Structure formats: C-alpha cells, structure tokens
Amino acid sequence: MALKIIWTPKALEGLDQILEYLETHWTKKEILILEEKIEDFKLRVQKYPEIYPITNKQKSIRKAVLDKHNYFVYRVNSRRKIIELIYFKATKQKPIL
C-alpha cells in the first residue's frame, strides 16, 4: 500500500510562491513542466519513500531535489503511513536545512 502524501501549510505556501513567480516571469509551459515533475516526485516517493538522502541536521528529514531550481524537504512516518511534505523551496531561496 502506497503511503499517503500530506502537504504542510509551509509546503503549500512555498508552492504558491513558486507558481506565482513562474506566472509572472515564465510561460505556462514551465508551470506545466513543474506540475509534471511534482507528480513524478509524488509517485516515486510513495513507491520508494527512502530514495532521497537524509539531511545532515536531522536523520528523519530527507531532501529531494526536483530540478535545478526546486526541492522538497519531507519526512516519512511509517507508523501513520504518511509522507509529510514539510517545505517546497526554490534553490535560490534561503536554505531550510
């Protein structure tokens, strides 16, 4: 059974900020490409939750680089059968971890 993906408010806020930036500075094509990458990431991480490396600061937190511009920070909770997307950030933003 695949783990359920939960978006935290911070991750949704990061997604909104990135989409707002893309709408202002790029084309709809880039937005569609990002949406496809997010869907691919979600499918991959549901199937292989520990595929991405652990961050240096916390052993339970993982960082998944989506592309050269964006990344997810997430935590796997096997007991609750969820993957919690903690942050979605642009690589140019101040790093979280």
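The charged end of K63 sits over the ring of Y71, 4.3 Å from its centre. The criterion is NZ of Lys or CZ of Arg within 6 Å of the ring centre and within 35 degrees of the ring normal. The model is predicted: local features need pLDDT of at least 70, side-chain atom pairs count only at pLDDT 80 or more, and totals for chains, interfaces and linings use all residues. Residues are numbered from 1 along each chain as its sequence is written, and side-chain values use heavy atoms, with hydrogens and water left out.

**Aromatic pairs**

A search of the whole structure finds six aromatic pairs. Rings of Phe, Tyr and Trp (its six-membered ring) pair if their centres lie within 6.5 Å; planes under 30 degrees apart count as stacked, over 60 as edge-to-face and the rest as tilted.

| Pair | Centre distance | Plane angle | Class |
|---|---|---|---|
| F41 and F72 | 4.4 Å | 10° | stacked |
| F41 and Y74 | 6.1 Å | 70° | edge-to-face |

Both pairs link helix 2 to strand 3. F41 belongs to helix 2 (residues 28-47) and F72 to strand 3 (residues 70-77), 31 residues apart. Y74 is also in strand 3, so its pair with F41 ties together parts that are 33 residues apart in sequence. Elements are DSSP runs numbered from the N terminus: helices are H or I of at least four residues, strands E of at least two.

F41 and F72 are buried. Y74 is buried too. Buried means under 20% relative accessible area, exposed over 50%, partly exposed in between (1.4 Å probe, protein chains only). One aromatic cluster takes in W7, F41, Y52, F72, Y74 and F88.

**Core**

The largest nonpolar core has 21 residues; L34, F41, F72, Y74, L85 and F88 touch the most other members. Such a core is a set of buried Ala, Val, Leu, Ile, Met, Phe, Trp, Tyr and Cys residues joined through side-chain atoms within 4.5 Å. Helix 1, helix 2, strand 3 and strand 4 each give two or more residues to this core.

Beyond four places in sequence, the contacts of F72 include W7, I38, F41, L85 and F88. Contact means heavy atoms within 4.5 Å.

**Helix 1**

Helix 1 covers residues 9-25. At 1.5 Å a residue, its 17 residues should span 24 Å, and its end C-alpha atoms are 24 Å apart, which agrees. The expected span is 1.5 Å times one less than the number of residues.

Its buried residues are A11, G14, L15, I18, L19 and L22. The face turned away carries the exposed residues P9, E20, E23 and T24. Cover for the buried residues includes strand 1 (4-7), helix 2, strand 3 and strand 4 (82-90).

N70 lies in strand 3. N70 is buried, at 6% relative accessible area. Setting aside residues up to four places away in sequence, N70 touches I18, L34, V65, F88, K89, A90 and T91.

K81 is in the loop between strand 3 and strand 4. K81 has a positive phi of about 60° although it is not a glycine. At 46% relative accessibility, K81 counts as partly exposed.

I82 is found in strand 4. I82 is buried, with a relative accessible area of 10%. Beyond four places in sequence, I82 contacts L3, K4, I6, R75, V76 and N77. I82 and A2 are 80 residues apart in sequence and 8.7 Å apart in space, C-alpha to C-alpha.
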